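Here is a friendly briefing to read alongside the model. Please have the structure open in your viewer as you go through the points.

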Amino acid sequence: MSVIPWPLKPMPPHTPSGRAHGSARGGAVASASAAPADRSGRGCAASAAAAGPDDTAAMAAALIQSRQTILPKRLGAPGPNVVELAAILEAAAHAPDHGQLQPWRFVLVPDTARTLLADVFALALQERDAEATPEQIEQAREKAYRSPVLLLAVVDAARGDADIDLAERLVSAGCAIQNMLLMATAQGFGSALTSGKALKAASLRALFRLGCDEQALCFVSIGTVVSRKAARVRPAASSYVSTLDEHRGILPGF
């Protein structure tokens, strides 16, 4: 499907049949006529609150389906302002969280600290590959300067109830990150998750003051989309969903 520009405009009035114009089952909103929401996302929330269930579901589907990974090198200024960034970060708090542990946290890397991160990326590469060329080292350093907003996601394997294992904590962190990506998308920004071997480097752990039970999960990049690739084709739900049948075992589809 085509990428939908955000913020999404409120849905048009319902047709006599009760279904909104421009909506389709399982699809995204195809058209809208009212004024766009403001960049903070408040307009989208107000529109959703005023809309009926069909409209709200269609808006949610459009938002989810329009999220696309935009590589950090394709993200430029301006990034989210203070209010927009606060809304993005606050969205994380609505992730599922067994035991209310809040087993994840995020560390913002402002422009003034990017040189420190660049040094860590360069050192981590040299530790892994003593024969790295100056060009490769510079490429590693340059990654620290991409995208206006850069955050490190951190997961704590031991915070709170020890009976809640790491897998559940990682699921919670993933949901928190997805909430942030969706809020950034709703505000009109692009975003991406990046990882790499540097996340396990001792120098990175020291820079971010990670505890012995904490692990750096990924970096979150957010900014204005400078360029994007065509949206990739997403798999149909029937390709990854099966049903447990009481007589025949696992059956494909749902």
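Let's start at the surface: Arg209 is exposed, with a relative accessible area of 67%, where buried means under 20% relative accessible area, exposed over 50% and partly exposed in between (1.4 Å probe, protein chains only). This is a predicted model, in which local features need pLDDT of at least 70, side-chain atom pairs count only at pLDDT 80 or more, and totals for chains, interfaces and linings use all residues. Residues are numbered from 1 along each chain as its sequence is written, and side-chain values use heavy atoms, with hydrogens and water left out.

**Around Arg209**
- Arg209 sits in the loop between helix H7 (202-207) and E5; helices (H or I, at least four residues) and strands (E, at least two) are DSSP runs, numbered from the N terminus.
- Not counting residues up to four places away in sequence, Arg209 touches Arg105 and Glu214, contact meaning heavy atoms within 4.5 Å.
- The phi of Arg209 is near 55°, a positive value in a residue other than glycine.

**Overall fold**
- The chain has seven helices and seven strands, and along the sequence they follow the pattern α-α-β-α-β-α-α-β-α-β-α-β-β-β.
- Of the 254 residues in the chain, 38% are buried.
- Among contacts in the chain with a separation of 6 or more, 75% come from residues 24 or more positions apart.

**The largest pocket**
- Rolling a probe the size of a water molecule over the atoms shows where empty space is left.
- On a 1 Å grid over the protein atoms alone, a cavity is a set of points where a 1.4 Å probe fits but cannot get out, whereas a pocket is an open set with protein on both sides within 12 Å along at least five of seven lines; lining residues have an atom within 4 Å of a point.
- The largest pocket holds about 480 Å³ of space, the volume being the space filled by probe spheres set on grid points that are joined across faces, edges and corners.
- Its lining has 23 residues, and Phe121, Ala140, Lys143, Arg146 and Ser195 lie nearest the centre.
- Helix H4 (114-128), helix H5 (134-142) and strand E5 (214-225) each supply at least two lining residues, with H4 giving the most, at five.
- By type, the lining divides into twelve nonpolar, six polar and five charged residues; Ala, Val, Leu, Ile, Met, Phe, Trp, Tyr, Cys and Pro count as nonpolar, Asp, Glu, Lys and Arg as charged, and the others, Gly among them, as polar.

**Ala140**
- Ala140 belongs to helix H5 and is buried, with a relative accessible area of 12%.
- Leaving aside neighbours within four places in sequence, Ala140 is in contact with Phe121, Ala122 and Leu125.
- Ala140 and Asp119 are 21 residues apart in sequence and 8.9 Å apart in space, C-alpha to C-alpha.

**Nonpolar cores**
- In soluble globular proteins, nonpolar side chains tend to be buried together.
- A nonpolar core here is a set of buried Ala, Val, Leu, Ile, Met, Phe, Trp, Tyr and Cys residues joined through side-chain atoms within 4.5 Å.
- The largest nonpolar core has 23 residues, of which Leu117, Phe121, Leu152, Leu204, Phe208 and Phe219 touch the most other members.
- H4, H5, strand E3 (149-156) and E5 each supply at least two residues of this core, and H4 gives the most, with seven.
- Apart from this core lies another, of 19 residues, among them Ile88, Ile177, Cys218 and Ile222.

**Ser191**
- Ser191 is found in strand E4 (residues 190-194) and counts as buried, at 2% relative accessibility.
- Its contacts, not counting residues up to four places away in sequence, are Gln68, Thr69, Ile70, Leu75, Leu181, Ser221 and Ile222.

**Backbone points to check**
- Most residues other than glycine have a negative phi, and most peptide bonds are trans.
- The peptide bond from Ala77 to Pro78 is cis, with omega near 0°, and Pro78 is in the loop between strand E1 (75-76) and helix H3 (82-91).
- Ser147, in the loop between H5 and E3, has a positive phi near 70° and is buried, with a relative accessible area of 6%.
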